[in-house]
Amino acid sequence: MDLVQTFFKWEVLVRTFPMLVQGLGMTIALGFLSILLGLIGGLGLALLRLYGPKPLRFLTIAYIDVFRSLPVLVWLVIVYYALPFVGITLSPFAAACTALTMISSAYAAEIYRAGIEAVPRGQFEAAQSIGLSQYRVMCDVVLPQAIRLIIPPLTSNCINVMKDTALASVVAMPDLLKQATQAQALAANPTPLIGAALLYLVVLLPLVRLVGLLEKRFAQGRA
Amino acid sequence: MIEPTQPVSQAPSAAFDRQAAAARRTLISLKGVNKHYGDFHALKNIDLEVAEGEVVAILGPSGSGKSTLIRCINHLEAYSAGDIYVDGTRVQPGPELIEVRKGVGMVFQSFNLFPNMTVLENVTLGPIRVRGRSPGAAQARAKELLEKVGIAEQMYKYPSALSGGQQQRVGIARALANEPRVLLFDEPTSALDPEMVGEVLDVIKTLAGTGVTMLLVTHEMGFARHVADRVIFMEAGQIVEEGAPEQIFSAPQEDRTRAFFQSVLAH
Ligand SMILES: Nc1ncnc2c1ncn2[C@@H]1O[C@H](COP(=O)(O)OP(=O)(O)OP(=O)(O)O)[C@@H](O)[C@H]1O
Ligand SMILES: [Mg+2]
């Protein structure tokens with residue numbers, strides 16, 4: 001009972017819930033935008049890496065490797081606290097979104113590349129032989145097949161981005177975690193933190209389950 | 001530009017005048033074509049002219065460059081030296097390549113149907129995207145073609161639901177959908193179970209009588225003999241011998257050709 005009184009005090013939860021929900025809104029907005037931009041950027045990077053002119057290809061490889069090596073938190077802190085020294089000042093939301101997108105697009109690029117490379121050569125050749133342009137070969141034939149293959153890892157990557165949004169609290173963005181720590185300070189009780197954890201689970205657990213289901217379905221082959 | 005023709009909807013094979021075809025103008029021409037894979041010399045100074053409407057069978061041992069030769073014609077492989085022209089257009093990277101490919105259909109050994117599309121979508125993709133047909137017109141035409149290859153009932157299925165023979169007949173319909181003047185076949189029956197070879201060869205044989213120009217790489221000697229106007233024998237990246245089927249099969253001039261037929265017959 002004591003434990004429940006400490007960590008799950010109902011009045012505190014009810015009182016701070018609006019704050020948490022506001023934070024959740026921010027977290028979802030940041031996650032959604034970073035995921036979307038990361039998926040678009042990742043596709044661009046993958047295509048550049050595979051088919052771009054040589055110098056650009058090397059630049060792309062360097063970019064992908066660097067941003068897969070950098071810890072998200074380190075890059076986020078640099079974007080928010082270091083860039084102002086060269087005259088670039090971003091809001092906490094913009095800084096977090098920029099940092100998350102830059103890193104998630106590097107991961108997404110490698111996933112797309114693996115997917116495109118897994119499409120058999122004969123598919124490219126058949127598409128070319130009927131006279132499709134390079135762009136059409138990609139859009140009509142290769143990408144639909146590649147994306148089917150990579151939906152599970154791509155979804156995993158989205159989950160990671162969603163989780164990494166919590167790092168934005170470090171740059172004072174009022175996301176779910178930040179709101180929860182503030183509510184905890186105000187209420188002098190850790191219940192809001194538990195509430196926040198539960199909200200993260202509400203959003204992410206279904207996604208994790210979904211990845212499991214997708215992997216199983218895709219392992220069974222196409223319908 | 002290659003004008004569209006109606007390759008399938010013409011006279012049956014018996015009525016087609018082979019002599020007249022041979023006298024027609026050159027549609028495909030290769031001059032001094034060489035192809036290297038790294039250090040490996042896969043095609044050595046190939047000269048070849050194919051007349052409009054001609055059916056040419058290409059024979060030769062494994063690794064002799066048969067696939068490489070026909071894949072250079074629609075530039076699936078880049079050649080390293082020489083010239084290839086299809087209907088007067090040089091085959092090379094650039095905007096004209098699309099024009100060349102519109103007029104050159106290809107049928108692959110492993111079918112290479114698009115697994116993410118239905119049979120009908122496989123056949124209409126080229127006409128809609130490349131020839132700019134309306135979906136309605138493309139579908140009407142595709143249905144005709146699928147009927148010709150005997151597969152119309154399957155048109156809403158995905159390729160994975162079809163047998164090998166059926167898939168290859170779809171592959172032929174897809175190659176015909178752009179109304180090409182030239183069809184390239186790369187061992188179209190080699191991946192098929194024996195009982196399905198006949199149905200595909202029958203379709204190809206019907207096409208051979210319609211005036212469409214065909215280059216056919218095959219190991220089906222009997223088929224080559226009866227369907228081709230001309231037979232080419234390749235070895236080690238070179239054309240060793242060519243001529244009318246009767247001459248090549250009954251009286252080959254070159255030792256290497258004779259040796260090849262003996263090894264094939266021995267199996
Ligand atoms: N992408 C490639 N890279 C390197 N060498 C290749 C490549 N493609 C083909 N070759 C080589 O070129 C030669 C000719 O190949 P090709 O596929 O044209 O032969 P083929 O006559 O079609 O043989 P098969 O009857 O086995 O299909 C072979 O020795 C092959 O190993
Ligand atoms: Mg071959």
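These are my notes on two chains of a predicted model, taken chain by chain and then residue by residue.

**Conventions**

I number residues from 1 along each chain as its sequence is written, and chains are lettered from A and ligands numbered from 1 in the order in which they are written. Because the model is predicted, I kept to local features with pLDDT of at least 70 and side-chain atom pairs at pLDDT 80 or more, while totals for chains, interfaces and linings use all residues, and side-chain values rest on heavy atoms, with hydrogens and water left out.

**Chain A**

I looked up the secondary structure of chain A and noted 9 helices and 0 strands, where helices are DSSP runs of H or I with at least four residues and strands are runs of E with at least two, numbered from the N terminus. Its C-alpha trace spans about 70 × 50 × 25 Å along the principal axes. Of its 223 residues, 42% count as buried, a word I use for under 20% relative accessible area, with exposed for over 50% and partly exposed in between (1.4 Å probe, protein chains only). I noted an accessible surface of about 11400 Å², 71% of it belonging to carbon and sulfur atoms; such areas come from the Shrake-Rupley method with a 1.4 Å probe, and for residues only the protein chains shown count as cover.

**Chain B**

For chain B I recorded 10 helices and 10 strands. The radius of gyration of chain B is 18 Å, which agrees with the value near 18 Å for a compact globule of 267 residues; it is taken over C-alpha atoms, and the globule rule is 2.2 Å times the number of residues to the power 0.38. The C-alpha atoms fill a box of roughly 55 × 40 × 40 Å along the principal axes, and 57% of the residues count as buried. Chain B exposes about 10800 Å², with carbon and sulfur atoms supplying 50% of it.

**Aromatic pairs**

I searched the whole structure and found 7 aromatic pairs over all chains, a pair being rings of Phe, Tyr and Trp (its six-membered ring) with centres within 6.5 Å, called stacked if the planes are under 30 degrees apart, edge-to-face if over 60 and tilted for the rest. Phe8(A) and Trp10(A) make a tilted pair, 6.4 Å centre to centre with 40° between the planes; Phe8(A) is partly exposed at 30% relative accessibility, whereas Trp10(A) is exposed at 55%. Phe67(A) and Trp75(A) pair edge-to-face, at 5.0 Å centre to centre and 75° between the planes, and both of these residues are buried. In chain B I noted one aromatic cluster formed by Phe233(B), Phe249(B), Phe260(B) and Phe261(B).

**Two buried loop residues in chain B**

I then looked up Gln154(B), which lies in the loop between helix 5 (135–148) and helix 6 (164–177) and is buried, because its relative accessible area is 11%. Leaving out residues up to four places away in sequence, Gln154(B) touches Val119(B), Leu162(B) and Gln166(B), where contact means heavy atoms within 4.5 Å.

Glu54(B) sits in the loop between strand 2 (40–51) and strand 3 (55–59), and with a relative accessible area of 9% it is likewise buried. Its contacts, again not counting residues up to four places away in sequence, are Glu49(B), Val212(B), Thr213(B), Met214(B), Asp229(B) and Arg230(B).
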